[in-house]
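Please keep the sequence and the structure in view while reading.

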Amino acid sequence: MIRAAAAKDADSLGQLHVETWQAAYRGEFPDEYLDGLDVGGRIDWFRRAIEEEREILVAEADGWAVGFASFGRSRSNEWGEIYAVYVHPDHWGEGHGFQLMAAAETRLSEIGFDQALLWVLDSNTQARSFYERQDWTLGRPVKLDEIGGVQVTEVRYEKQLRDAT
């Protein structure tokens with residue numbers, strides 16, 4: 001089930017976000033960085049975001065939040081942007097990510113965006129394959145960043161959400 005995030009979700013989403021990062025990026029970033037991710041800080045972020053009514057969807061299974069997507073106006077242009085999609089590693093492969101992406105794309109279209117973008121680590125082949133299976137295409141922009149003391153390259157994926165009329 002996909003639903004809007006509620007105040008009661010902040011604790012589980014903060015924990016889920018950290019645990020997913022630790023599983024998805026082990027070997028990509030230093031263990032010390034991943035092991036030191038601040039669950040409390042993530043919980044605080046989710047509390048504020050939910051209070052501010054930012055666009056966050058939750059994938060729920062058996063009464064538990066197992067994934068989330070956050071999205072809104074692009075930080076770099078007038079497109080919509082998927083900021084984050086994470087599903088707890090215990091629930092990878094169950095379709096929650098696909099459902100979250102579809103719901104986020106629908107919502108972005110409903111609030112007026114014809115196109116959307118997202119950023120992903122160039123080296124994250126699992127995520128890139130996931131996006132490509134859902135008709136996201138690799139765009140031209142690339143950006144360099146530093147995460148956990150590691151220089152990373154992020155690539156942009158794009159998708160037409162609806163025909164501009």
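Gln115 is part of strand S5; strands here are DSSP runs of E with at least two residues, helices are runs of H or I with at least four, and both are numbered from the N terminus. The model is a predicted one, in which local features need pLDDT of at least 70 and side-chain atom pairs count only at pLDDT 80 or more, while totals for chains, interfaces and linings use all residues. Residues are numbered from 1 along each chain as its sequence is written, and side-chain values use heavy atoms, with hydrogens and water left out.

- Gln115 has a relative accessibility of 28% and so counts as partly exposed; buried means under 20% relative accessible area, exposed means over 50%, and partly exposed is in between, with a 1.4 Å probe and protein chains only.
- Neighbours within four places in sequence aside, Gln115 contacts Trp79, Gly80, Lys159, Gln160 and Leu161, where contact means heavy atoms within 4.5 Å.

- Arg128 sits in helix H5 and counts as buried because its relative accessibility is 15%.
- Beyond the residues up to four places away in sequence, Arg128 touches Val120, Leu121, Asp122, Leu138, Val155 and Tyr157.
- Ser129 is also placed in helix H5, but Ser129 is partly exposed, at a relative accessible area of 30%.
- Between Ser129 and Ile82 there are 16 Å from C-alpha to C-alpha, for a sequence separation of 47 residues.
- Asp135 belongs to the loop between H5 and S6, and its phi is positive, near 70 degrees, although the residue is not glycine.
- Asp135 counts as exposed because its relative accessibility is 57%.
- Thr137 lies in strand S6 and is partly exposed at 46% relative accessibility.
- Apart from neighbours within four places in sequence, the contacts of Thr137 are Arg156, Tyr157 and Glu158.
- For Thr137 and Arg156, which are 19 residues apart along the chain, the C-alpha separation is 8.5 Å.

**The loop between H3 and S2**

- Glu53 is found in the loop between H3 and strand S2 (55-61).
- Glu53 is another residue that is not a glycine and has a positive phi, here about 55 degrees.
- With 70% relative accessibility, Glu53 counts as exposed.
- Arg54 lies in the loop between H3 and S2 and is partly exposed at 41% relative accessibility.
- Arg54 contacts Trp45 and Ala49, once neighbours within four places in sequence are set aside.
- Arg54 and Ala104 are 50 residues apart in sequence, with 12 Å between their C-alpha atoms.

**Overall fold**

- The protein has five helices and seven strands, in the order β-α-α-α-β-β-β-α-β-α-β-β from the N terminus.
- The radius of gyration is 15 Å, which agrees with the value near 15 Å for a compact globule of 165 residues; it is taken over C-alpha atoms, and the globule rule is 2.2 Å times the number of residues to the power 0.38.
- Along the principal axes, the C-alpha atoms fill a box of roughly 50 × 35 × 30 Å.
- Of the 165 residues, 45% count as buried.
- Among contacts with a separation of 6 or more, 61% are between residues 24 or more positions apart.

**The largest pocket**

- The largest pocket holds about 1400 Å³ of space; a pocket is an open set of points on a 1 Å grid over the protein atoms alone, where a 1.4 Å probe fits, with protein on both sides within 12 Å along at least five of seven lines.
- Its lining consists of 45 residues, and Trp21, Tyr25, Ala84, Val85 and Tyr86 lie nearest the centre; lining residues have an atom within 4 Å of a point.
- Elements that give two or more residues to this lining include helix H1 (10-24), strand S4 (80-87), strand S5 (115-121) and helix H5 (125-133).
- The lining residues are 26 nonpolar, eleven polar and eight charged; Ala, Val, Leu, Ile, Met, Phe, Trp, Tyr, Cys and Pro count as nonpolar, Asp, Glu, Lys and Arg as charged, and the others, Gly among them, as polar.

Notes:
Grid points are joined across faces, edges and corners, and a volume is the space filled by probe spheres set on the points.
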